[in-house]
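Open the model in your viewer and keep the selection tool at hand. The stops below say what to select next and what is there.

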Amino acid sequence: MARATTTKTVTKNSKTAATQSAPPNDFSTKLFSDLSEADAAVLTGQRRKAIAAGFWQFMQQRKSGQALIRVYNPDEQDDGWAHNCSVIEIVHEDMPFLVDSAMGAINSFGLTVHLVLHPIMRVHREANGKLQDIAPAQELRGTVAESCTHIQCDEIRDPQQLKAL
């Protein structure tokens, strides 16, 4: 029997990347662990830092069975980085076909994907869903494997289309 999933669509936080709490180094390392050399050349240290800080803030609160989803156009003032793209971020318990489903949705809008970050992280969360920390990959007891997905695609300028995605 399939497990019920609720979705929480998150709007951008009004905090700037500079005022958000910095993510632990191991989080940033894991987030960018599969970055190709070509993508690494484009994603400067400052941009990586801002993406990691924003994603860390985004994933702070997630209840079991809930999918966190946010779609936004990065802005230097709000996000600490800017690029002519739209970003889709998803946090969910790891399961098959999450990225495939997201890619299908993006493709249905006729958009091209330019970057996909998709590490699976083992996390400790409190009973209310508050993130405690990122656990070592081999630590299974008391942790949940979460799919942490950051996708950059063609920029969507129409607010209604951005919301629809």
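Buried means under 20% relative accessible area, exposed means over 50%, and partly exposed lies in between, with a 1.4 Å probe and protein chains only. Helices (H or I, at least four residues) and strands (E, at least two) are DSSP runs numbered from the N terminus. This is a predicted model, in which local features need pLDDT of at least 70 and side-chain atom pairs count only at pLDDT 80 or more, while totals for chains, interfaces and linings use all residues. Residues are numbered from 1 along each chain as its sequence is written, and side-chain values use heavy atoms, with hydrogens and water left out.

**Stop 1: helix H5**

Select H5 (98-108). Its buried residues are Val99, Ala102 and Ile106. These cover an arc of only 65° around the axis, so they are on the same side of H5; the arc is that of the directions from the helix axis to the C-beta atoms. Asp100 and Ser108, on the other side of H5, are exposed. Show contacts (heavy atoms within 4.5 Å): the buried residues of H5 pack against E3, E4 and E7.

Now look at both ends of the helix. Phenylalanine 97 lies in the loop between strand E3 (85-93) and H5. It has a positive phi of about 70° although it is not a glycine. Most residues other than glycine have a negative phi. Is phenylalanine 97 buried or exposed? Phenylalanine 97 counts as exposed, because its relative accessibility is 60%. Just after H5, glycine 110 takes a positive phi of about 75°.

**Stop 2: the nonpolar cores**

A nonpolar core is a set of buried Ala, Val, Leu, Ile, Met, Phe, Trp, Tyr and Cys residues joined through side-chain atoms within 4.5 Å. The largest one has 25 residues, and Phe27, Leu31, Phe32, Phe55 and Met59 have the most contacts inside it. Among the elements that each supply at least two residues of this core are helix H1 (25-31), strand E2 (66-72) and strand E4 (113-117). Which element gives the most to this core? H3 does, with six residues. A second, separate core has nine residues, including Ile88, Ile106, Ile156 and Leu162.

Zoom in on phenylalanine 32. Leaving out residues up to four places away in sequence, phenylalanine 32 touches Leu43, Arg48, Ile51, Ala52 and Leu117. The charged end of arginine 48 sits over the ring of phenylalanine 32, 5.9 Å from its centre. This term requires NZ of Lys or CZ of Arg within 6 Å of the ring centre and within 35 degrees of the ring normal.

**Stop 3**

Select strand E5 (120-125). Five of its six residues are buried. Two strands pair if DSSP finds at least two bridges between them. E5 pairs with E7 in the antiparallel sense over four bridges, and methionine 121 has glutamate 146 in E7 as its bridge partner.

**Stop 4: arginine 141**

Finish in the loop between strand E6 (131-135) and strand E7 (144-154), where arginine 141 is located. Arginine 141 is exposed, with a relative accessible area of 77%. From arginine 141 to arginine 122 the separation is 19 residues in sequence and 9.9 Å in space, C-alpha to C-alpha.
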